[in-house]
Amino acid sequence: MEQFDLNQIRTFVKLVQAGSFTKAAEVIKQPKSRVSRRLSALEKELGVQLIYRTTRQFQLTEMGRVYYERARGLIEGLETLSGEVSESTSEISGVIKVTASDDMGVKQLPLILDEFTRQYPRVRFDLYLTQAYVDLVKESVDVGIRIGNLKDSSLKARKVGTVRSVLVASPGFLERYRVSEDLEKLSAAPFLAMTQNPKLEVVRTSDGKRLSLKTNPVLSANNPALLLKMAVLGKGYAYIPEFLCKEELRDGRLIHIHKNLRSEEVPVSLVSPDTKETSQKVKRFMDFAYKRLKEEYFG
């Protein structure tokens, strides 16, 4: 057969899947007579009978079964490709409202938003950065980045990765206070504390034991990014989410101390309201943000 008619092949595949001419006609939105004609034309082109049919039912021939298995993969592949091309070329627009914690938003969102809006220039963002819990439905928020176990089961959630906090200090600070190995010296040294959690609760990796260490807070804040900057300046040691201080650890501005002590790992998730209809712009941003977060921070 030099040429083939995709409509005939698709009709045959849908007919087998539907189980009857009537149901197949409903699926492809064509008259039942046209389904029958397309099947007959395909059999004529191939020179074989694909289906034994009676007035009430039909049955695949041996060659029909072989042809169906190969044709099904072809048709499903073409349908998937068509959907992907159609979706990628259709332009999206409008506002996407996103919430995240201050540190997560400032550190991770700018590059993601920049790249996404280059691809979709008609999309605008409304960002709400806060350490407080945000009710996505009540506040009409489209997407949230959540750190910690999810309590709201009404949300759609995709786990991006996990995060843990580590002890860090600047090289200059370590020269002055010599706290790299000595926990007693560490407890007396200046500590940069989170306002809502001034205690230093850690897990010892060697045995999994939880420890509560004494500290000497000289500054407290409700924003880890600020504590990070103060640690780089040598004003104290800090207990910082690892994703937040990757660059500083990599370039030597901070040093990871007491590597056997860390926080428990907690999940990081992309969430959205569990509504029946999610807009294309939100779906695409969710997929895009998930991929970028995995690649850049939690891969």
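These notes cover a surface patch and a sheet with its packed helices in a predicted model.

1. **Surface patch.** Five side chains make up a nonpolar patch on the surface: Phe4, Leu6, Leu74, Leu78 and Leu81. Together they have about 430 Å² of accessible area. Helix α4 (residues 62-89) supplies the largest share, three residues.

2. **Leu78.** This patch member sits in helix α4. Its relative accessible area is 32%. Leu78 therefore counts as partly exposed, since that class lies between the limits of 20% and 50%.

3. **Sheet order.** The sheet is open and has five strands. Their order is β4-β3-β5-β15-β6, with mixed pairing. The edges are β4 (123-129) and β6 (155-163). Each has a single partner strand, so one side of each lacks a neighbour in the sheet. On average, neighbouring strands are turned by 20° against each other, direction ignored.

4. **The β3-β4 pair.** Strand β3 (residues 94-100) runs parallel to β4, and seven bridges join the two. One place to look is Val95, whose bridge partner in β4 is Arg124. As background, sheet strands pair through backbone hydrogen bonds, either parallel or antiparallel.

5. **Helix α10.** Helix α10 (residues 280-296) also packs on the sheet. Its contacts are with β3, β4, β5, β6 and β15.

Key. Residues numbered from 1 in each chain as written. Predicted model: local features only at pLDDT ≥ 70, side-chain atom pairs only at ≥ 80, totals over all residues. Heavy atoms only, no water. Patch = residues over 30% accessible without salt bridge, like charges linked within 9 Å, V, L, I, M, F, W, Y side chains within 5 Å. Areas by Shrake-Rupley, 256 points an atom, 1.4 Å probe, with all protein chains shown as cover. Salt bridge = Lys/Arg side-chain N within 4 Å of Asp/Glu carboxyl O. Helix = DSSP H or I, 4+ residues; strand = E, 2+ residues; numbered from the N terminus. Buried < 20%, exposed > 50% of the residue type's maximum accessible area, 1.4 Å probe, protein only. Pairing = 2+ DSSP bridges. Axes fitted to C-alpha atoms, helices over the stretch in contact; angles between N-to-C directions. Contact = heavy atoms within 4.5 Å.
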